[in-house]
Amino acid sequence: MNDLNIKQKRFADYYIETGNATASYINAGYEAEGNAAEVNASRLLRNAKVLEYIKERNEQLDVAFIADITETKRFWTEIMRDGNADMKDRLKASEYIAKTNGAFVEKKELQGSFNNKIEFSFVDPSSEEN
């Protein structure tokens, strides 16, 4: 991740924040005329080192900002055990916990017959009558 120069890192960081490659290229400090910013930004997004940096930064951001299942279950548990919370919220939290633990198994029964033969046919749209 340290093999990038400062402009490449800035570009990647701006790109992670905005998703706009051309604007990220310009904001990173690169100079460009005409459509050079767009072309060079596209080239940077194909650079293996830049892509690896973006991937690693996104993973770091995911860990910092996105709740994992353990954190989510803790949150639901707090709500379920909170005697001051509305009963409907407590019940819903307990349902979510039970579902993530596999307590509910949906069974669906299908009826019919199957003759082990699948037939496909294709219709030419130009030969269909209107």
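Start by selecting Lys-92 and Glu-95: the two sit three residues apart in helix α6, about one turn of the helix. Helices here are DSSP runs of H or I with at least four residues, strands are E runs of at least two, and both are numbered from the N terminus. Before moving on, keep in mind that this is a predicted model, where local features need pLDDT of at least 70, side-chain atom pairs count only at pLDDT 80 or more, and totals for chains, interfaces and linings use all residues. Residues are numbered from 1 along each chain as its sequence is written, and side-chain values use heavy atoms, with hydrogens and water left out.

Lys-92 and Glu-95 form a salt bridge, with 3.8 Å between the closest N and O atoms. The term stands for a side-chain nitrogen of Lys or Arg within 4 Å of a carboxyl oxygen of Asp or Glu. Lys-99 and Glu-95 are four residues apart in helix α6, so about one helical turn separates them. With all three selected you have a salt-bridge network linking Lys-92, Glu-95 and Lys-99.

How covered are they? Lys-92 is partly exposed at 35% relative accessible area, Glu-95 is partly exposed at 26%, and Lys-99 is partly exposed at 46%. The cut-offs are under 20% relative accessible area for buried and over 50% for exposed, with partly exposed in between (1.4 Å probe, protein chains only).

**Stop two: from α4 across to α1**

A search of the whole structure turns up four salt bridges. For another of them, pick Arg-57 and Asp-13, whose closest N and O atoms are 3.6 Å apart. Arg-57 belongs to helix α4 and Asp-13 to helix α1, so this pair ties together parts that are 44 residues apart in sequence. Arg-57 is partly exposed, at 25%, and Asp-13 is partly exposed too, at 31%.

**Stop three: rings**

Next, colour the aromatics. The whole structure holds three aromatic pairs. Rings of Phe, Tyr and Trp (its six-membered ring) pair if their centres lie within 6.5 Å; planes under 30 degrees apart count as stacked, over 60 as edge-to-face and the rest as tilted.

Select Phe-11 and Tyr-15: their ring centres are 6.2 Å apart and their planes lie at 15°, so this pair is stacked. Both are in helix α1 (residues 6-18), four residues apart and separated by about one helical turn. Buried or exposed, where does Phe-11 fall? Phe-11 is buried, with a relative accessible area of 0%, whereas Tyr-15 is partly exposed at 25%.

Then go to Trp-76 and Tyr-96, a tilted pair with 5.1 Å centre to centre and 40° between the planes. Trp-76 is in helix α5 (residues 69-81) and Tyr-96 is in helix α6, so the pair ties together parts 20 residues apart in sequence. Trp-76 counts as buried at 16%, while Tyr-96 is partly exposed at 33%.

**Stop four: the core**

Go back to Phe-11 and look around. In the largest nonpolar core, which has 13 residues, those touching the most other members are Phe-11, Ala-12, Tyr-25, Tyr-30, Ala-41, Leu-44 and Val-50. Such a core is a set of buried Ala, Val, Leu, Ile, Met, Phe, Trp, Tyr and Cys residues joined through side-chain atoms within 4.5 Å. Two or more of its residues come from each of α1, α2 (21-27), α3 (36-44) and α4 (48-65).

Click on Ala-41: setting aside residues up to four places away in sequence, Ala-41 touches Phe-11, Ala-21, Thr-22 and Tyr-25. Contact means heavy atoms within 4.5 Å.

Now try Gln-8, found in helix α1 and buried at 14% relative accessibility. Beyond its neighbours within four places in sequence, Gln-8 is in contact with Asp-3, Tyr-30, Leu-44, Asn-47 and Val-50.

**Last stop: a surface patch**

Finish with Ile-118, in the segment after α6 (87-100). Ile-118 counts as exposed, at 59% relative accessibility.
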